[in-house]
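Subject: Structure handover and notes

Dear colleague,

Here is the structure I said I would pass on. My notes follow below it.

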Amino acid sequence: MKSLSNYKPKFLPTISTLTLHSLLHIHHQPHPNTPTQSNLPNTHLNEFTAACYNRDLPTAMKALNFMQKTQIWADSVTYSELIKCCLARGAVREGKLVHKHVFSSGYQPKTFLVNTLINMYVKFNLLDDAWKLFDEMPERNVVSWTTMIAAFANAGMRDEALGFLACSGLGILRQIHCIITKVGLDSDVFVRSALIDKYSKWGEVSNALTVFNEMETRDLIVWNSVIGAFAQNSDGDEALELFKRMKRCGFLADQATLTSVLRACTGLALLELGRQVHVHVLKYHRDLILSNALLDMYCKCGSMEDARFEFTRMVNKDVISWSTMIIGLAQNGFSHEAIDMFEEMTSSGTRPNYITIVGVLFACSHAGFVDKGQSYFQSMEKVYGIKPGREHYGCMVDLLGRAGKLNEAVELIHNMEPEPDVVTWRTLLGACRIHRNMDLAAYAAKRVLDLDPDDAGTYILLSNIYVNTHRWEDAEQVRKIMKGNNVRKEPGCSWIEVDKQIHAFVLRDNSHPDIDEITRRLIQYVQRLREVGYVPDTSFVLHDVEGEQMEDPLLYHSEKLAIVYGLMALTKGKTIRIRKNLRICGDCHLFAKLLAQMEGRNIVIRDPIRYHHFQGGFNASLLVNGLMVDHIEQTGVMIENQQKALTDLSKKVEGIICFSD
């Protein structure tokens, strides 16, 4: 590491341009609390300054001693020259005396001088002293951070170096990156890995990838850092691509690699790929982080049979393990089981956290357990010390709204300690639509649009509410505002994994090679379903057309296309698993339920809110009074033998994981 003692503030001329006379008369700084004395001799200050620049350590220290007694201070550049002299002579004791002097009697040296002292301690290999001084700095700059990071990286203390990077903000991080490159520290694998990690935590994955691609040589640590960066920032595709590159370079995956790959599979809802990764996980003595990642993958891919089995096999469980399972059960429609598991968790002595309570309240909301939900909510701070946040209030608004207690829901929103956000008001709006409270719906919609003027779904919902109550002028006014603000509804997209390939479907997108056959079969299925009572629910379409024209957009909703393709492409015993970017509408929910029953197939649809299981024609969530609630008896849910599931899994994939390029 290059010495930082040559650093000079921009506002000072370089030392070489100064005459000895000007150096001797450079402004000295008496302590601000000391009265100015015109007859105070300058002899010792001049002697001190000259000795510092002449590298005369004994004379400089003698003058420093007098200055200490009389509370006279020189300028920062002079002190930096004395520190250089201490470094050249290995004078640790004298260097510490300089440190003591510049901080004595409440005097506050400039950041430049403190950085020079930190660098002195680093050069003397006194890292604890350097760290202590760094911690005491009232103001730090990029030199302060870089000095500490370089010191601990050079000492092989990677975790400590990473810690300093973690504390710096994004702006400082970019400056540190530049200086690290200038001083040659970018060749250090630990520093590179740290930069990738920290850019990732700020969401700057493009910068993280740039740092990675600039490296001439890479090891497994750096590969894990960059794969983890993309997995944690919801870019599973790039994470998997990097994993394939890593394998082609001859590196074998370790537990950290597999954890990141599982997270990528989770984000993309790639169950089959996740199962392949699971086979490789079996080769390791799993740590808790990897076990929790595996559990999360199965929950978020909607395979609760696998999740249950993995959870029961875990020897050690922490609050993340329990919370992952509780939320997974709740989101997949097993609310009773989620609540039972919460009681089991608290009985085991594991204390719930913020996320755990969100999962429990979500379960109560979707099961219709009003009293139980209110009990958990009211006791969470008193019993567990967890202050309710927006997510908890949102679950309670949903719980009360589903139960038709709209006035209580509004009162709760108005009494919220955190300011209600757009999600809270959307939740209330959805309940108003179901219970046909038009005035409250208009109020909730206005609050949503105040916070998010581009929320197309709210315009559509409000317009349809007015149409359903024959308030035609109001409906027309909403449509005019929507058009005038150039608000467009985000197109729905659904995708399904078939033979390790992702097939995406968008409304009226005819790019899929089998779209003609998919459309033909979809029309046939709808005709057959009509014979058993299916009637398209047009309340989910903007009412600017009439009759059968309104049913036409519903027919080609992306999840319907994906379901039909799944029926075509997957064998009879395979579960059809679909992911959707928008919340499933009531019409598609009913369509999936009836089609699963008619065809005897299992369908799982994951939307941004929850998972909808249609198994053998029954759904873990049912429509009751227009609201999706968890089926109390879990009718028709067939749980396969868990040991058999893992055995079958092991037989499916052997050897190393293969990904097609």
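Which residue does E417 meet in a salt bridge? The partner is K387, with N to O at 3.2 Å; a salt bridge here is a side-chain nitrogen of Lys or Arg within 4 Å of a carboxyl oxygen of Asp or Glu. The pair links distant parts of the chain, 30 residues apart: E417 sits in the loop between α24 (406-414) and α25 (422-435), and K387 in the loop between α22 (370-384) and α23 (390-402). E417 is exposed, at a relative accessible area of 59%. The accessibility classes are buried for under 20% relative accessible area, exposed for over 50%, and partly exposed in between, with a 1.4 Å probe and protein chains only.

Before the rest, the ground rules. This is a predicted model, in which local features need pLDDT of at least 70 and side-chain atom pairs count only at pLDDT 80 or more, while totals for chains, interfaces and linings use all residues. Residues are numbered from 1 along each chain as its sequence is written, and side-chain values use heavy atoms, with hydrogens and water left out. Helices (H or I, at least four residues) and strands (E, at least two) are DSSP runs, numbered from the N terminus.

In the model, residues 75-109 are 71% helix and 0% strand, with the end C-alpha atoms 9 Å apart. For residues 318-352 the values are 74% helix and 0% strand, with 10 Å between the end C-alpha atoms.

Helix α20 covers residues 335-347 and includes S335. S335 counts as buried because its relative accessibility is 0%. Its side chain reaches the backbone oxygen of A363 at 3.1 Å. That is a polar contact: a pair of N or O atoms within 3.5 Å, where within protein one must be able to donate a hydrogen and the other to accept it, and residues adjacent in sequence count only if both atoms are side-chain atoms.

Other salt bridges

The count comes to 24 salt bridges. Two further pairs each lie within one helix:

- E136 and K132 have their closest N and O atoms 2.7 Å apart. Both are in helix α7 (residues 127-136), four residues apart, about one turn of the helix. E136 is partly exposed at 49% relative accessibility, and K132 is exposed at 51%.
- E310 and R313 have their closest N and O atoms 3.5 Å apart. Both are in helix α18 (residues 304-313), three residues apart, about one turn of the helix. E310 is buried at 3% relative accessibility, whereas R313 is partly exposed at 37%.

Backbone

Two residues other than glycine with positive phi are worth a look. S105 has a phi of about 55° and is found in the loop between α5 (92-102) and α6 (111-123). At 40% relative accessibility, S105 is partly exposed. N125 has a phi near 60° and is placed in the loop between α6 and α7. N125 counts as exposed, at 59% relative accessibility.

Regards
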